[in-house]
Amino acid sequence: MLEHADFSVVVKNRARPPAPWRWEIYRAGRGSPIRHSETYFETATEANRAGKTALAAMLSEYQA
C-alpha cells in the first residue's frame, strides 16, 4: 500500500518569465521526479495547487 507521506509536491523555477514555475512529484528515496507538469505556471502558488491536485489524482488511481 502506498503511503501518502512517501510522496511530496515540489515547485521549481524551471523556465523564463512570464511562466517559469512547474510542479514535480517526488517519492522518498528518489532523486528524480516521478511526474511533473507539462505546462508552466505564472506563480509558484498556482503550480503548488495544481501539483497537489495531481498528487491526489495519482494516489486515487493506486487505491482504486
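Visitor: What is a salt bridge in this predicted model?
Guide: The model is predicted. A salt bridge is a side-chain nitrogen of Lys or Arg within 4 Å of a carboxyl oxygen of Asp or Glu. By this rule the count comes to 3 salt bridges.

Visitor: Which residues are linked in a network of salt bridges?
Guide: The side chains of Arg-14 and Glu-24 form a salt bridge, at 3.0 Å from N to O. Glu-24 also meets the side chain of Arg-22 in a salt bridge, at 3.2 Å from N to O. The linked residues are therefore Arg-14, Arg-22 and Glu-24.

Visitor: How many residues apart in sequence are the parts that Arg-14 and Glu-24 tie together?
Guide: Arg-14 and Glu-24 form a salt bridge. Arg-14 lies in the loop between β1 (7-13) and β2 (21-27), whereas Glu-24 lies in strand β2, so the parts tied together are apart in sequence by 10 residues.

Visitor: Is Glu-24 buried or exposed?
Guide: Buried means under 20% relative accessible area. The relative accessible area of Glu-24 is 0%, so Glu-24 is buried.

Visitor: Is Glu-61 buried or exposed?
Guide: Exposed means over 50% relative accessible area. Glu-61 has a relative accessible area of 51%, so Glu-61 is exposed.

Definitions and conventions: Residues are numbered from 1 along each chain as its sequence is written. This is a predicted model: local features need pLDDT of at least 70, side-chain atom pairs count only at pLDDT 80 or more; totals for chains, interfaces and linings use all residues. Side-chain values use heavy atoms; hydrogens and water are left out. Helices (H or I, at least four residues) and strands (E, at least two) are DSSP runs, numbered from the N terminus. Buried means under 20% relative accessible area, exposed over 50%, partly exposed in between (1.4 Å probe, protein chains only).
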